Amino acid sequence: MALLVCTIFLLGPFSVFKHTVLRWYGKISYSFYLLHMFAVAGVFELVTTGVLRAELGFPVVMLIATVISAASFYGFERPAQRIVRSRLTRLSRRLSFAPPWSDVRGP
């Protein structure tokens, strides 16, 4: 416990969020949340039929869910965000107010 307290004191309580892997998982977290059950169901079927050992279930679920989530994020979620953001920016220009994410200033 003392080691944990010293580590938090020395590194800061939010230093864990500086790691690029964790930040990347933060980006794909919504896709991961939505799609992880497909990986769980598939691996559960493999484990119950004896194709996969139970000890390997969790790492395989994490791997499959990560791959599916990343594909969903970069193939669907991110392009959809760009389309919505560009349409809202065009709409805001017509209505002459700037949304907080754009550098456009009103008249």
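**Questions on a predicted model**

Mentor: In the protein, buried residues (under 20% relative accessible area, with exposed meaning over 50% and partly exposed in between, for a 1.4 Å probe and protein chains only) make up 19% of the 107 residues. This is a predicted model, in which local features need pLDDT of at least 70 and side-chain atom pairs count only at pLDDT 80 or more, while totals for chains, interfaces and linings use all residues. Residues are numbered from 1 along each chain as its sequence is written, and side-chain values use heavy atoms, with hydrogens and water left out.

Trainee: In what order do the elements of the protein run from the N terminus on?

Mentor: Helices (H or I, at least four residues) and strands (E, at least two) are taken as DSSP runs, numbered from the N terminus. On that basis the protein has four helices and zero strands. From the N terminus on, the order is therefore α-α-α-α.

Trainee: At what angle do helix H2 and H4 pack?

Mentor: Axes are lines fitted to C-alpha atoms, for helices over the stretch in contact, and angles run from 0 to 180 degrees between N-to-C directions. For H2 (residues 20–27) and H4, the axes lie 10 Å apart and the angle is about 65 degrees.

Trainee: Which residues of H4 make that contact with H2?

Mentor: Contact means heavy atoms within 4.5 Å. From H2, the contact is made by Trp24, Tyr25 and Lys27, and from H4 by Thr66, Ala70, Phe73 and Tyr74.

Trainee: Is valine 43 buried or exposed?

Mentor: Valine 43 is found in helix H3 (residues 29–48). Leaving aside neighbours within four places in sequence, valine 43 is in contact with Leu52, Gly57, Val60, Val61 and Ile64. Because its relative accessible area is 4%, valine 43 is classed as buried.

Trainee: Is phenylalanine 58 buried or exposed?

Mentor: Phenylalanine 58 is found in helix H4, and its C-alpha atom is separated by 8.5 Å from that of valine 40, 18 residues apart along the chain. Since its relative accessibility is 61%, phenylalanine 58 counts as exposed.

Trainee: Which residue forms a salt bridge with arginine 53?

Mentor: A salt bridge is a side-chain nitrogen of Lys or Arg within 4 Å of a carboxyl oxygen of Asp or Glu, and a search of the whole structure finds one. The closest N and O atoms are 3.0 Å apart, and the partner is glutamate 55.
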